Amino acid sequence: MLGATVIPVTSGSRTLKDAINETFRDWVANVETTHYIFGTVGGPHPFPAMIRDFQRVIGVEARRQILERTGRLPDAAIACVGGGSNAIGLFHAFLPDTGVRLIGCEAAGHGVKTGKHAATLSAGEPGILHGSRSYVLQDDEGQITEPWSISAGLDYPGVGPEHAYLHDTGRGEYRPVTDAAAMRAFRLLASSEGIIPAIESAHALAGAIEVGAELGPDGLILVNLSGRGDKDMDTATRYFEQDADAARAGGVSK
Amino acid sequence: MSGNLQLLADTLARAKQENRAALITYMTAGFPTVNDGIAAIQAMLNSGADIVEVGLPHSDPLLDGPVIQAADDIALRGGVRIADVIRTVGEAYQATGKPVLVMSYWNPIDKYGVERFSSELADAGGAGCILPDLPVQESALWRESAARHSLATIFVAAPSTTDERLRELAAAGSGFIYASSLMGVTGIREIVNTAASSLVQRIRATTQLPVCVGIGISNAAQAAHVAGFADGVIVASVLVKAILGAPDAAAGAATVAELTAELSLATRRHAIEASK
């Protein structure tokens, strides 16, 4: 793809965490000649801080632009959280602005109570994964469990340690968003604005819809639309076809 | 009951007196079943292994190559629990009186409870733990508990580990220092990396603790070579692979016993040559 060599991972549960495991294994063998470009704010120090600093331009520019356009800071800044890189990039510039709520939307998959989710901060507990101590999804003996989300980018059983810190201090708020709520938001933005968001980002949009209802018409919300949905057309088509089939079969439309 | 740190130290000292390297072999607990795993471990200890490492299977074994990953997967899918790992240690020690270590990633122990794990391991007669992903600066809680229960804390050093870091590992570690022969994960390699002997030299400059070399050592020639400069030779993947490829558990244990005997002879080669 675009000149890169893509190597499928066949170990473990064959998800994002296993791809990270394989990358670590390759990296430790070739560390003298190889740099690991970590995709998220996880991993051992100094990766979480490095990736945050690479992503912080999101918050720096968004803060400047919203002040230019509206003359005030938002009531809430909202982003989706898998590992949490786009979210920390947005949140970082607003950390000192204590009037701005920082809201991370985690993938609740089929629902946090079903066990098929990736809502690490909402339903996980402290543990160690990929070289940092943060919140993880694990069983009662510390084995990491398999997460579930309709979006590939949120399908991760850990979360960046800075989010764990913001969660524990209360500066950040983290809420679960189900596949169904994210896909409703996906469809809403596509049909009302002609913008197809990434399914990951649709989780943030779904959170914004909830928070907007709480704030009322004077609320000002900044949403990080962190990715494009053209990569997700296959998943979205399959999802909406099944949804339509279920509706035709007499089920309740999601 | 108190743990067997002293037995580990005595075993390594005796091997040194006999002008040979100790042979340390590895097997994943619960693989292919808990009882078959115990039988394979006892076979190794009865065939010349001085010390055994019992692997605590993990969902994310970052230090391990495909062979041990496969063993961990089989053990976890079989439903192995930490209680089974402790029972494996206990039965191996009771049957042989030899030092038995646990090799574990940190998260299972952290979740299980440091004090609970170390006290149960000591009660079973365990000698200590190899903890490849516990950073030395985060290890105080474990070390306090391990010291109280007479368990060794064995850190892993790599060729890339700086001298400053080696001094920290040596000061905090006990039992022995585990030197990785190469940059990479566990598995079978054609030749022993030249980085191994220089790492051992650098470690010896920081500590009186024995230095044992592992990762990438899988045959008698490699074991003999490493026995020339290390206090112990650690062999893992080739033994696990023998069980993976065996038609049944008894055949697996027999092959593991044969391999162990060959490796054991190789670690004595220097002793044999010296007596000529």
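**Figure 1. Packing of helices α7 and α8 in chain A of a predicted model.** Helix α7 (residues 179–193) of chain A packs against α8(A) at an angle of about 90°, and their axes lie 7 Å apart. Axes here are lines fitted to C-alpha atoms, for helices over the stretch in contact, and angles run from 0 to 180 degrees between N-to-C directions. The angle makes α7(A) roughly perpendicular to α8(A); angles of 65 to 115 degrees count as roughly perpendicular, those under 35 as roughly parallel, those over 145 as roughly antiparallel and the rest as oblique. On the α7(A) side, the contact is made by A:Ala181, A:Ala182, A:Met183, A:Arg184, A:Ala185, A:Phe186 and A:Leu189. On the α8(A) side, A:Ile199, A:Ala202, A:His203, A:Leu205, A:Ala206 and A:Ile209 take part. Two residues are in contact if their C-beta atoms, placed from the backbone, lie within 7 Å. By class, this contact has 11 nonpolar, 1 polar and 1 charged residues; Ala, Val, Leu, Ile, Met, Phe, Trp, Tyr, Cys and Pro count as nonpolar, Asp, Glu, Lys and Arg as charged, and the others, Gly among them, as polar. The model is predicted, so local features need pLDDT of at least 70 and side-chain atom pairs count only at pLDDT 80 or more, whereas totals for chains, interfaces and linings use all residues. Residues are numbered from 1 along each chain as its sequence is written, while chains are lettered from A and ligands numbered from 1 in the order in which they are written.

**Figure 2. The open sheet of chain A.** Four strands of chain A form this sheet in the order β5-β2-β1-β6, with parallel pairing. Two strands pair if DSSP finds at least two bridges between them. Helices (H or I, at least four residues) and strands (E, at least two) are DSSP runs, numbered from the N terminus. The edges of the sheet are β5 (172–178) and β6 (221–223) of chain A, each pairing on one side only. From one strand to the next, the twist averages 30°. Strand β2 (residues 101–109) of chain A runs parallel to β5(A) and is joined to it by 7 bridges. In β5(A), A:Tyr174 stands opposite A:Gly104. Helix α8 (residues 199–215) of chain A lies across β1 (76–81), β2, β5 and β6 of chain A, and runs at about 145° to β1(A).

**Figure 3. Helices α2 and α12 of chain B.** The axes of α2 (residues 34–45) and α12 (residues 249–267) of chain B come within 8 Å and cross at roughly 25°. The two helices are therefore roughly parallel to each other. From α2(B), the contact includes B:Asp36, B:Ala39 and B:Met44; among the residues from α12(B) are B:Gly252, B:Val256 and B:Thr260. The residues of this contact divide into 8 nonpolar, 2 polar and 1 charged.

**Figure 4. The contact between chains A and B.** Chain B contributes 18 residues and chain A contributes 17 residues. On the side of chain B that touches chain A, α3 (66–77) and α5 (106–112) of chain B each supply at least two residues. The most comes from α5(B), with 6 residues. The residues of this side of chain B comprise 8 nonpolar, 6 polar and 4 charged.
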